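Here are my notes on the two chains and how they meet. Please read them with the structure open.

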Amino acid sequence: MNIGNLIKIAISSLFRNKMRTALTMLGIVIGIASVIAMVSIGQASTQSVKGELSSMGSNMIMVMPSRQHRGGVDMGMSTSKSLTNKDLKMLKENTRYVAAVSPNVSTSKQLIYGNNNHSSSISGVDPSYIDIRKLELKEGVMFTDEDVKRYNKVCVIGKTVVDKLFTNGENPIGKTIRLGSIPMTVIGVLESKGQNGMGNDQDDIVLAPYTTIQKRFLGITYFNMLFASATSEEESELAATEITYILRSNHGIKSGDVDDFEIRTQEELVSTMSSITRMLTVLLAAIASISLVVGGIGIMNIMYVTVTERTKEIGLRMAIGAHNRDIKLQFLCESVILSLIGGIIGIILGLIISYAVSRLMKLPYVVSEMAILISFIVCALTGIFFGWYPAKKAANMDPISALRYE
Amino acid sequence: MAKDILRVENLERIFRVGSEDVHALRGVSFVIQEGEFVSIMGTSGSGKSTLLNILGCLDTPSGGDYIIDGVSIKNLSKNEMSTLRNRKIGFVFQNYNLLARTTAIENVELPLFYNTSVPARERRERAKEALKLVGLENRMEHMPNQLSGGQQQRVAIARALVNDPVILLADEATGNLDTRTSYEIMSLFQDLHEQGKTIAFVTHEPDIATFTTRKIKLMDGQIIEDAPIATQSAAEALAALNLQKED
């Protein structure tokens with residue numbers, strides 16, 4: 001018997017029991033739809049995390065002093081004074097793959113303007129900082145190298161700070177605000193960046209020349225951190241190597257000894273974050289595939305019932321000349337068609353669900369061709385796997401007793 | 001001389017029930033020639049069902065030989081037996097065995113699906129012809145539950161005829177029908193017989209057997225009677241039945 005006839009017979013059998021066919025399909029539909037939706041939502045969140053991280057500057061490199069240990073006691077991170085002006089100067093002048101370097105010294109102060117006050121952290125940085133961090137100015141200007149040289153009392157503030165201090169909607173540019181007891185002139189306002197991936201407000205920020213913070217606020221000469229940017233994303237590893245080399249020789253670290261600083265490239269961060277979200281995606285898909293297995297067992301259950309119920313039909317088909325193989329293939333065909341049609345509906349439903357979720361959660365809408373392909377194959381295999389035993393049972397019936405079955 | 005359609009030689013069939021051997025057939029021999037209308041009679045337990053199963057190639061004998069249309073079923077594989085059933089035998093069952101929720105014409109087409117020598121486009125034509133032969137040409141799109149018992153049996157007969165078999169095997173084909181409808185079906189069988197079909201008709205009702213041309217009677221797995229009989233016309237019996245009613 002040719003395959004076309006088989007499919008015709010299988011389809012007409014499925015049509016004879018529309019309700020049961022639909023209900024059996026439902027199991028597969030739900031299984032496939034949840035797999036597709038979960039994978040696509042997982043991939044969308046991976047993509048959105050990645051996008052967010054690269055918006056922070058994909059070729060950014062962070063240098064932090066290592067934790068200090070003295071006599072077995074962990075002294076914490078900020079106690080280290082290893083990053084100095086000398087390092088900054090060398091990094092600015094003697095590197096090939098480092099495009100810009102900015103130190104970072106930070107302190108926390110109360111900001112006061114008129115009757116309003118707001119506590120915020122203040123970062124002392126180099127003018128190149130806004131390029132490294134991919135910040136943009138909404139109004140005014142960034143301070144200059146000249147301001148850095150003269151410890152000028154100027155600052156650039158973020159949107160949250162503006163909202164807290166300038167409650168009457170005044171233009172902050174040119175106004176003087178107090179940082180603790182020191183008056184500073186606002187010369188620029190940053191474009192809003194909103195929250196980052198961890199939910200921190202990126203607009204609650206005050207930037208000032210690092211020298212101003214070092215001399216006027218803290219009375220120190222070292223830096224808490226260095227921010228650098230590589231000439232390109234691909235070269236960030238090279239740049240990191242370069243920085244390591246310069247810092248090691250500056251700090252007089254002998255070969256074989258450990259660094260007294262840590263370097264983190266954005267790339268590492270991206271790969272860490274995306275491996276987390278990828279794991280999440282796999283987890284979601286695994287949970288969803290349980291429902292697929294349940295759907296498959298549903299098919300098997302119904303196929304068994306069908307075979308028993310249609311014993312007489314099987315006997316008749318055998319009596320009028322069906323080979324055992326024809327019977328087996330007919331039932332196999334039925335379960336495969338059942339699961340494939342269920343799969344197609346499931347894929348469409350899954351895409352609709354993931355589209356709705358992406359709109360609702362403001363995630364990018366990702367269609368995973370791979371997930372569609374795999375779930376389609378899984379569907380066919382489910383049909384064959386769970387249809388096999390019922391089909392075999394049907395094919396092995398004895399025509400005489402099948403005909404007599406009541 | 002007419003061709004031998006069935007030749008049964010010293011047929012034995014032994015079933016094992018528990019630790020005991022039950023001899024359902026003990027050396028049955030006969031020949032059915034082309035164009036014969038044979039009734040096979042016997043009480044239950046006489047072995048007629050076993051004989052029918054073997055004649056229908058659904059079962060294999062424990063001993064002896066069975067030759068249908070020149071083919072011995074000894075040493076045939078399961079698949080070869082299936083093909084034999086498809087091409088050479090037309091079954092008519094007591095309870096019709098039609099597929100539910102399937103139109104009459106689709107039911108009749110069914111055996112053709114398993115016959116690779118019939119192209120798909122010929123199927124419908126042949127099914128239509130077979131239905132015409134049993135007088136149901138205007139019931140083709142009806143479902144079995146929309147047909148009377150007699151009509152359902154006609155569909156089953158059309159299904160048995162559609163592959164143009166060498167023999168029709170009817171198993172108590174009138175068992176589920178009232179007298180009038182039984183006579184109608186027998187009249188249809190007689191028509192088919194006149195057109196040259198070979199028919200073997202298993203029944204336990206003596207009056208049904210009188211419509212055939214030859215009677216084989218079984219008892220305890222052996223033939224106790226095999227003789228031609230004076231055939232009654234089913235059409236006349238039907239007319240007589242109608243007269244009785246009017247009285």
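1. The model is a predicted one. By that count, chain B holds 8 helices and 10 strands. The radius of gyration of chain B is 18 Å, close to the 18 Å that the globule rule gives for 247 residues, so chain B is as compact as a globular protein of that length.

2. The C-alpha trace of chain B spans about 50 × 50 × 45 Å along its principal axes. Of its 247 residues, 44% count as buried. Among contacts in chain B with a separation of 6 or more, 69% join residues 24 or more positions apart.

3. Helix α8 of chain B covers residues 234-246. At 1.5 Å a residue, its 13 residues should span 18 Å, and the end C-alpha atoms are 19 Å apart, which agrees. Of the 13 residues of α8(B), the number buried is 1, so to speak hardly any cover.4. In chain A, Leu53(A) sits in helix α2, residues 18-55. Is Leu53(A) buried or exposed? Leu53(A) counts as buried because there are 21 C-beta neighbours inside 10 Å, and the cut-off is 20 or more. Leu53(A) and Glu267(A) are 214 residues apart in sequence, yet 9.1 Å apart in space, C-alpha to C-alpha.

4. The contact between the chains takes 17 residues from chain A and 20 residues from chain B. On the side of chain A that touches chain B, α1 (3-16), α10 (311-319), α11 (324-360) and α13 (399-404) each supply at least two residues. The largest share, 5 residues, comes from α10(A). By class, this side of chain A has 9 nonpolar, 4 polar and 4 charged residues.

Note on methods: Residues are numbered from 1 along each chain as its sequence is written. Chains are lettered from A and ligands numbered from 1 in the order in which they are written. This is a predicted model: local features need pLDDT of at least 70, side-chain atom pairs count only at pLDDT 80 or more; totals for chains, interfaces and linings use all residues. Helices (H or I, at least four residues) and strands (E, at least two) are DSSP runs, numbered from the N terminus. The expected span of a helix is 1.5 Å times one less than its number of residues. A residue is buried if 20 or more other C-beta atoms lie within 10 Å of its own, exposed if 12 or fewer, and partly exposed in between; C-beta atoms are placed from the backbone. Two residues are in contact if their C-beta atoms, placed from the backbone, lie within 7 Å. Ala, Val, Leu, Ile, Met, Phe, Trp, Tyr, Cys and Pro count as nonpolar, Asp, Glu, Lys and Arg as charged, and the others, Gly among them, as polar. The radius of gyration is taken over C-alpha atoms; the globule rule is 2.2 Å times the number of residues to the power 0.38.
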